[in-house]
Amino acid sequence: MSHNDIIAAISTSLTPGGIGIIRVSGEGSPALCAPLVRIKGLSLEEAEPNHLYYGKIHSEGQLLDEALITLMRAPRSYTAEDTVELQCHGGPLVLQRILEAVLQAGARLAEPGEFTKRAFLNGRLDLSEAEAVMDLISAGTDLAKQTALRQLQGHHSAKIRDMRGRLLEKSAYIEAALDDPEHYSLQDYGREVKPALMTIREEIRELLFSSENGRLLAEGIAVAIVGRPNVGKSSLLNYLLGFERAIVTQIPGTTRDTIEESCRIGDLLLRLADTAGIRDSEDAVERIGIERSREAIKEADLVLLLADGSRPLEEEDEALRELCVGKPALLLLNKADLGLAVSPETEEKRLDIPCFAVSARTGEGLDRVTEHIRQMFCLEEIRRQPVLVTNLRHKALLREAEQGLDLVLDSIDKQMPEDFWTIDLMGAYRALGLIIGEEAGEDLINEIFGKFCMGK
Ligand code: GDP
């Protein structure tokens, strides 16, 4: 794949819509498009950049569409290359026909994410900013959207660059002193440099800490709904999803498979798994369901343990409570609309788990549950974080940088030779660099942009 040929793609969705945009980028793209585009009184190549022109698109003597046409000149475009954007009518056939004409004229069909990749290769975006573009497009919550937007505006990159700058400065001093001991002294440098490195490590740890809950809130909290048969798990799932999804039935034990769906309640995104009731069962299929419930608890970020609150709790309810130990979990006493046979306050104390009276039938009590979840995952606190890391790749690299600094600090404490320090210092420096794409190899870049959507 060459980085300087002309690429083209449909940049809008391929479903019928008011407007669809074809983007053409690369040196020579205005000349390539000029014969296809008729603007009154001038050729596309003479058009004023960043102005909108009304024109017609023709190919082989045939009118393909009326369009609004914009020319952008390098470096003032998304890709930092000469770019032409054709705003056509948003029908898939219209767009495909025009795209074909552009390809016939000599452009190449862009790979997924290739426009953004060019923006990266041309230095207009760094890697973390480029990733933010994709996060912004696929954001499922307001928080994910805000985070992506801040990342796109360079907040993450600025923080990373700042920490890298400080690491480089320390490392450069040590290198200089090793090369030129007459002018630079390493006497007591360990004691001097330690607080600065500890501060950087602390900043990295803060980023890692916020990323734990940040990612859950941005990508959705995996919720396992568990409980004995017939307590109302399917009903709760359906209530939350707002439509019939799992089969609701009065015969115990019919929810045998795990179904996963997402629902959004205000700013909470919940990924819901409905699992079979956990109980001792003779039935082989049912036992698979039980295993899955245990699995689901293990894999969940949050367990909603459902019990039938209209009757006294049973031993099995308490056994399930035991399975949730060590997990964020809430006990929901369901069927409150029938009248409660147990008190949430008493059960909360007795079983040591936050407890709420709810009804999957009427929805009563569920507001308090979602409010409690928001508090459990520190939603408000996380909203206020200036830099929130949600990307798993970034998180892994931050860990690596943290470990690098652990090693340096350890070497200082053990009074190891200074050239040892610089190896790990530079390791941390490189790990941080990979977040923003410095020193990133071709493979990593291709992998990241390969996940992008077409036309972006
Ligand atoms: P599951 O086996 O735990 O998935 O339970 P289901 O969701 O299939 O519900 C079992 C029965 O309890 C069904 O008849 C539901 O209509 C009923 N049910 C579930 N939730 C409530 C509730 O909050 N109030 C009342 N009155 N009935 C409920």
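How many salt bridges does the rule find across the interface of domain 2 and domain 3? The rule finds zero there. This is a predicted model.

## Domains

The domain assignment of the protein chain lists domain 1 (7-124), domain 2 (131-215 + 388-449) and domain 3 (219-382).

## Interface of domain 2 and domain 3

Nine residues of domain 2 are in contact with nine residues of domain 3. The two domains bury about 750 Å² between them, and 56% of this area lies on carbon and sulfur atoms. On the side of domain 2, Thr141, Asn213 and Arg215 lose the most area to domain 3, together 55% of what that side buries.

Besides the zero salt bridges, the rule finds zero residue pairs in polar contact across this interface, counting pairs with both residues at pLDDT 80 or more. Helix α7 (residues 189-219) gives four residues to the side of domain 2 that touches domain 3, the most of any contributor.

## Sheet

Seven strands make up an open sheet with mixed pairing, in the order β3-β4-β5-β6-β2-β1-β7. Because β3 (37-39) and β7 (108-109) stand at the edges with a single partner strand each, one side of each is left without a neighbour in the sheet.

Strands β5 (residues 62-72) and β6 (residues 83-90) run antiparallel and are joined by five bridges. Methionine 72 has threonine 83 in β6 as its bridge partner.

## Helices on the sheet

Helix α2 (residues 92-104) packs on the sheet and touches β1 (7-10), β2 (17-25), β4 (52-59), β5, β6 and β7. The direction of α2 makes about 150 degrees with that of β6.

Helix α3 (residues 114-121) lies across β1, β2 and β7, and runs at about 135 degrees to β1.

Note on methods:
Residues are numbered from 1 along each chain as its sequence is written. This is a predicted model: local features need pLDDT of at least 70, side-chain atom pairs count only at pLDDT 80 or more; totals for chains, interfaces and linings use all residues. Side-chain values use heavy atoms; hydrogens and water are left out. Two strands pair if DSSP finds at least two bridges between them. Helices (H or I, at least four residues) and strands (E, at least two) are DSSP runs, numbered from the N terminus. Contact means heavy atoms within 4.5 Å. Axes are lines fitted to C-alpha atoms, for helices over the stretch in contact, and angles run from 0 to 180 degrees between N-to-C directions. Domain bounds come from an automatic or database domain assignment. Buried area is the accessible area (1.4 Å probe) that two parts lose on being put together, summed over both. A salt bridge is a side-chain nitrogen of Lys or Arg within 4 Å of a carboxyl oxygen of Asp or Glu. A polar contact is a pair of N or O atoms within 3.5 Å; within protein, one must be able to donate a hydrogen and the other to accept it, and residues adjacent in sequence count only if both atoms are side-chain atoms.
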